[in-house]
Each structure stands twice: as C-alpha cells, then as structure tokens.
Amino acid sequence: MTRLSDSFQRPLNYLRVSVTDRCNLRCVYCMPPEGIPLLSHEEILHYEEICTIAQAAAELGIVKMRLTGGEPLVRSGLTNLVAMLSQIRGIDDISLTTNAELLERFAADLKSAGLHRVNVSLDSLRSDRFQSITRVGRLDNVLRGIGAAKNAGLGPVKTNTVVIRGVNDDEVIAFAQLTIEEDWHVRFIEYMPFANGDDAADDLLVPISEIKRNIETLGRLEPTYDSGGGPAKYFRLQGSKGTIGFISPVSEHFCASCNRLRLTADGKLRPCLFSDDEIDLRGPLRDGAGVGDIKRLIREAASCKPEGHLLKIGVSCERFMAQIGG
Ligand code: SAM
Ligand code: SF4
C-alpha cells in the first residue's frame, strides 16, 4: 500500500471527524449566542457513511481518528459509531473531543465500545466564569465527566483551555498547579480569531510565549514526550505528576508537521482547518460510490492540502469552528 501523503511529502495518518454541528453549549469564542444555522438530518452523514469513509481512509494508512463536533455526545448512538469504527482494521486509536457536559453518562459505555481517550474543553475552574464563557454550561457536570472518564480508563484525559485576554488568562497558573499533585494533563490553546466567531479582536490573543513565562514563575518547564506529529508541545514542571501542553496555531503555526484531514458533519473533506477548499464525499457516497471511489477522493483531498496558512487577526472562514470540529 502507498501511504497517504500530500504534495509536500507530509504523511497523513490522522482523520478528525465532526459527527454533528449541534452543541449543548455556546462558547463565546466558538458560536454566537443564538447558535449557528443547523444542518438538517438528511444533510448529516449517516454512521454507515462515516464508516465507509473510515474504511477507505484506513486502507490509505490513516491510523488515528478523533470524533468531534459541535458536541459529539449530543448525537444519539455515538457509542454505536465508536463500536463500528473499532472494528475497522488499521484504525488503532479512536479518541473524542468533548465539552464533557454529558460525559459522566457515557464514559463507561464509550470505553467498552472501543474508545481509547478523551480530550475535554475546560476554559475556567470557576463555576460563574465557566458559565459565562460557555453561556449555559455547568462546571460541576464537566468535572464529574472528567472523573468518570478517568475511572473508565479513558486516559490520559487531556483538558483544552482556550486562553483569552481579560477573560480567563488569570487562571493559567491555577490550571498549571493542577498538574503538580495529580496527573492532570492540561493544554493551553491560543485563541483563534475567526471573524465569524464572537469578538475577533487582536487584543484577545495571549501568545503561548506569554503563557509559558507566567507558568515558569512556578518552576522550570522540562520538555516531555513527543506528541507524535500533533500540534501540542508537552512539558512538565519539575517533579510534577501531570503535564502541560501548548498549542500555538497563531503565533507559531505547525503546518510543517501537519498530519491530518478533517471530515465535516455534512461529509466534506477539509484538507486544512483554515482553508475553505473542501471535497464532497457525501454526494458521491449517496450516488453509490464505494470504498475504492472514496479512496480516490481522499487522495485528491490530500493533494490539495496547502503548504501552510497565514492565520491572522480577523481571518474569515465560511464555516464556524463548531461545523469543522477544531
Ligand atoms: N464541543 C467539543 C469541545 O468543545 O471540546 C468539540 C468541538 S470544539 C469546536 C473543538 C475545540 O475547538 C475545542 O477544544 C474548542 O476549545 C476549540 N475552539 C473552538 N473555537 C476556538 C477558537 N476560536 N480558538 C481556539 N480554539 C477554539
Ligand atoms: Fe460547543 Fe465545543 Fe464550540 Fe463550545 S467549543 S460551543 S462546546 S462546539
């Protein structure tokens, strides 16, 4: 088998799948308060269609899949999808990115179905602030969800914190401190200023360099494990049990090592998060395309992957982040 790679010789082995554009939260950096125009039921890929695409992708060398959204846990039967994907030969790592509001209910079943790991969005450790960032979320639900995921063996559970100046940047130290005594794996993500998100303003971005400097007031950050081609760089405070990851899509983008394709909930393959070029798979699938045809389209998408992006303040994107999945 010729392994999938793009025109710049970057191997592609990771597929992120948005299973729904619906979400039970309304995070200020991701969605307007009224939500986004939703896809109809017919427009969303069926689970069988996702599995045909996953089968084709696996035959091309994709080994990792991440389910995301919108909020993946609001789509009914997600556990069944995980079980179906876990039967596909070659896919050896299935993970989930979730806001964890519903995770307590599903964690054990997801583990039994074959899910390996979860990443949880967690932008504040203060209930009132958590609620104002997510507009409707409940911090206690999320913390119980994280506990349930750890108990179910869906570890290491990583948390994702989008750091926004004047909103939650004063909690960076509190998040970092969580890693000292317990095996918390916290990751800080630079706020990506999409013009079609909430306030796309220059001064909301806190560069990772500044976040790191703040954390270093607690002690030296030692580089730890390699993220295997992923965008995060991982560190540990000396002697601590957990890790701290940094993701800097704006100040220091990681295009040179990008290893992924994205599938939107309505069945478009998106070679780059920041480019609106997409290749439709749903139409061909519903016209009878089989695994072989989908493999050809996946190769086509790989060959369209741009070398890099120039993400800058106020960049506009035809889709909301909740439609792509981050
Ligand atoms: N609902 C799930 C969740 O929140 O984890 C999955 C979908 S969400 C779109 C995926 C990731 O995108 C989350 O970690 C979220 O924090 C991140 N995200 C959304 N909008 C962002 C932005 N403007 N800048 C940085 N990260 C963003
Ligand atoms: Fe929903 Fe995730 Fe977007 Fe928040 S970041 S609104 S939880 S999709």
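Helix axes in these views are lines fitted to C-alpha atoms over the stretch in contact, with angles running from 0 to 180 degrees between N-to-C directions. The structure shown is a predicted model.

**View 1. Helix α1 crosses helix α9 at roughly 65°.** The axis of α1 and that of α9, which spans residues 291–303, come within 9 Å of each other. Because angles of 65 to 115 degrees count as roughly perpendicular, the two helices α1 and α9 are described as roughly perpendicular to each other. The crossing in which α1 passes α9 is right-handed. On the α1 side the contact is made by Thr52, Ile53, Gln55, Ala56, Ala57 and Glu59, and on the α9 side by Val291, Ile294, Lys295 and Ile298. Sorted by class, the residues of this contact between α1 and α9 comprise six nonpolar, two polar and two charged.

**View 2. Helix α1 also meets helix α2, here with a crossing angle of roughly 25°.** The axes of α1 (residues 47–59) and α2 (residues 78–86) come within 10 Å, and the angle between them makes α1 roughly parallel to α2. As α1 passes α2, the crossing is right-handed. From α1 the contact draws on Tyr47, Glu48, Ile50, Cys51 and Ala54, while α2 contributes Leu78, Leu81, Met84 and Leu85. This contact of α1 with α2 contains eight nonpolar residues and one charged residue, with no polar ones.

**View 3. Helix α2 is in turn roughly parallel to helix α3.** The axes of α2 and α3, the latter covering residues 103–113, come within 8 Å and cross at roughly 20°, an angle that makes α2 roughly parallel to α3. The crossing of α2 and α3 is right-handed. In this contact Leu78, Thr79, Val82, Ala83 and Ser86 of α2 meet Phe106, Asp109, Leu110 and Ala113 of α3. The contact of α2 with α3 divides by class into six nonpolar, two polar and one charged residues.

**View 4. The largest nonpolar core holds 72 residues.** Leu15, Phe188 and Ile215 are the members that touch the most others in this core. Helix α1 supplies the largest share of the core, namely eight residues. Apart from neighbours within four places in sequence, Ile215 is in contact with Val172, Ile173, Ala176, Phe188, Leu221, Leu237, Ile244 and Phe246. In soluble globular proteins, nonpolar side chains tend to be buried together.

**View 5. Arg262 is a buried residue in strand β10.** Strand β10 comprises residues 260–263, and Arg262 counts as buried because its relative accessibility is 7%, under the 20% limit for that class. Not counting residues up to four places away in sequence, Arg262 touches Leu15, Arg16, Lys268, Leu269, Arg270, Leu273, Ile324 and Gly326. Arg262 and Ile244 are separated by 18 residues in sequence and lie 25 Å apart in space, taken from C-alpha to C-alpha.

**View 6. Ser275 is a buried residue of a loop.** Ser275 has its place in the loop between β11 (268–270) and β12 (279–280), and its relative accessible area of 17% makes it buried. Leaving aside neighbours within four places in sequence, Ser275 is in contact with Arg270 and Pro306.

**View 7. Gln9 and Arg135 show positive phi values, and the bond from Gly155 to Pro156 is cis.** Most residues other than glycine have a negative phi, and most peptide bonds are trans. Gln9, in the segment before β1 (14–18), has a phi near 60°; this residue is exposed, with a relative accessible area of 65%. Arg135, in the loop between α4 (127–134) and α5, has a phi near 70°, and with a relative accessible area of 24% Arg135 is partly exposed. For the peptide bond that runs from Gly155 to Pro156, omega is near -5°. Pro156 is found in the loop between α5 (139–152) and β5 (158–163).

Methods:
Residues are numbered from 1 along each chain as its sequence is written. Chains are lettered from A and ligands numbered from 1 in the order in which they are written. This is a predicted model: local features need pLDDT of at least 70, side-chain atom pairs count only at pLDDT 80 or more; totals for chains, interfaces and linings use all residues. Side-chain values use heavy atoms; hydrogens and water are left out. Helices (H or I, at least four residues) and strands (E, at least two) are DSSP runs, numbered from the N terminus. Angles under 35 degrees count as roughly parallel, over 145 as roughly antiparallel, 65 to 115 as roughly perpendicular and the rest as oblique. A crossing is left-handed if the near helix is turned anticlockwise from the far one by less than a right angle, and right-handed if clockwise. Contact means heavy atoms within 4.5 Å. Ala, Val, Leu, Ile, Met, Phe, Trp, Tyr, Cys and Pro count as nonpolar, Asp, Glu, Lys and Arg as charged, and the others, Gly among them, as polar. A nonpolar core is a set of buried Ala, Val, Leu, Ile, Met, Phe, Trp, Tyr and Cys residues joined through side-chain atoms within 4.5 Å. Buried means under 20% relative accessible area, exposed over 50%, partly exposed in between (1.4 Å probe, protein chains only).
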